[in-house]
Amino acid sequence: MQIDLAVDMKELERMTAAVEAFCDENEVPPDAAMHLVLVLEELFTNIVTHGYKDRTRIGEPIRIALTAKDDRVSVGVSDDGIAFDPLQAATPDLDLDVEDRPIGGLGIHFMRTMMVDLHYARQNERNQLNFSKVWTR
Amino acid sequence: MNITQHPGDKVLRIEVSGRLDSNTSQTLEDALSAEDVKGHPALLLDLAGVQYVSSAGLRVLLKAAKAARAAKTKLALAGLTPQVREVFDVSGFSSIFQIFADANEAKKTLAG
């Protein structure tokens, strides 16, 4: 499955529906499907919010590709926004009290916690992020 | 997402249902920022109808927790579904909120 999305938060609904339909068709267990929807929402939101600050937003430059095989879904997320390697982002401190708790960085934390085989590259002026969701039946 | 307010004797229960994501969290933020809600001495957020929460939803809940702390009012959560509970656990949010299994249990504690 492949879906191209505009740099617009309105696209979130279309992306979520496509990911859920893909998970249904491929009999991905509900927990794993929720993790995929969650991590993709976080990445998509980051790209829309931060990736195109000083750039023109033409067409549907955000591409999400999903492939299912055995007990694994392989995911590719790419965009032509500002170069950003989420794997280099700082890990949030999850033990701070209410007052000091930051909210930024949680989405990337979800990806690190729920996904495996994370890989980032900047290729042809695009961010290319790959990872997988694996599960045991 | 739907938000319904249930004013009680001492506790204002706010029932939230649906998805709490980047596109819907603003609606909850607005509801919780209303003066009569923000200033209420005991707020209970009933999340039994929420199947999904992302960091955008967590941000709104954290903001409410900070506001309650500053105003010295009570705030508790109840009815977390297993999916929502998992996101709370992964985020470290389970330890910063008072969380009850269901709304009735929470009301007893909050009213006391």
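A pocket here is an open set of grid points with protein on both sides within 12 Å along at least five of seven lines, and its lining residues have an atom within 4 Å of a point. The model examined is a predicted one.

By that definition, the largest pocket holds about 570 Å³ of space. Its lining counts 28 residues, and those nearest the centre are A:E42, A:T45, A:N46, A:I47 and A:H50. Two or more lining residues come from each of α2 (30-50), β3 (72-79), α3 (106-114) and β5 (126-134) of chain A, and from α3 of chain B. The largest share belongs to α2(A), with seven residues. Sorted by class, the lining has 14 nonpolar, eleven polar and three charged residues.

Rolling a probe the size of a water molecule over the atoms shows where empty space is left. How many cavities of 30 Å³ or more does the structure hold? There is one, and the volume of the largest cavity is about 30 Å³. Residues of both chains line this cavity: A:P92, A:L94, A:R101, A:P102, A:I103, A:G104 and A:L106 from one, B:S91 and B:F93 from the other. Six of the lining residues are nonpolar, two are polar and one is charged.

Helix α3 of chain B, which contributes to the largest pocket, spans residues 55-71. Its 17 residues reach 24 Å from the first C-alpha to the last, close to the 24 Å expected at 1.5 Å a residue. Buried positions in α3(B) are B:S55, B:A56, B:G57, B:L58, B:V60, B:L61, B:L62, B:A64, B:A65 and B:A68. An α-helix has 3.6 residues a turn, so residues three or four places apart point the same way. Just after α3(B), B:K72 has a positive phi of about 55 degrees.

Chain B also has a hairpin, made by β1(B) and β2(B) with four residues between them. Strand β1 (residues 2-7) and strand β2 (residues 12-20) of chain B pair in the antiparallel sense over six bridges. Within this pairing, B:N2 has B:S17 of β2(B) as its bridge partner.

Note on methods. Residues numbered from 1 in each chain as written. Chains lettered and ligands numbered in written order. Predicted model: local features only at pLDDT ≥ 70, side-chain atom pairs only at ≥ 80, totals over all residues. Heavy atoms only, no water. Pairing = 2+ DSSP bridges. 1 Å grid on protein atoms, 1.4 Å probe; cavity = no way out; pocket = protein on both sides within 12 Å on 5 of 7 lines; lining within 4 Å. Points joined across faces, edges and corners; volume = space filled by probe spheres on them. Nonpolar A, V, L, I, M, F, W, Y, C, P; charged D, E, K, R; others polar. Expected span 1.5 Å × (residues − 1). Buried < 20%, exposed > 50% of the residue type's maximum accessible area, 1.4 Å probe, protein only.
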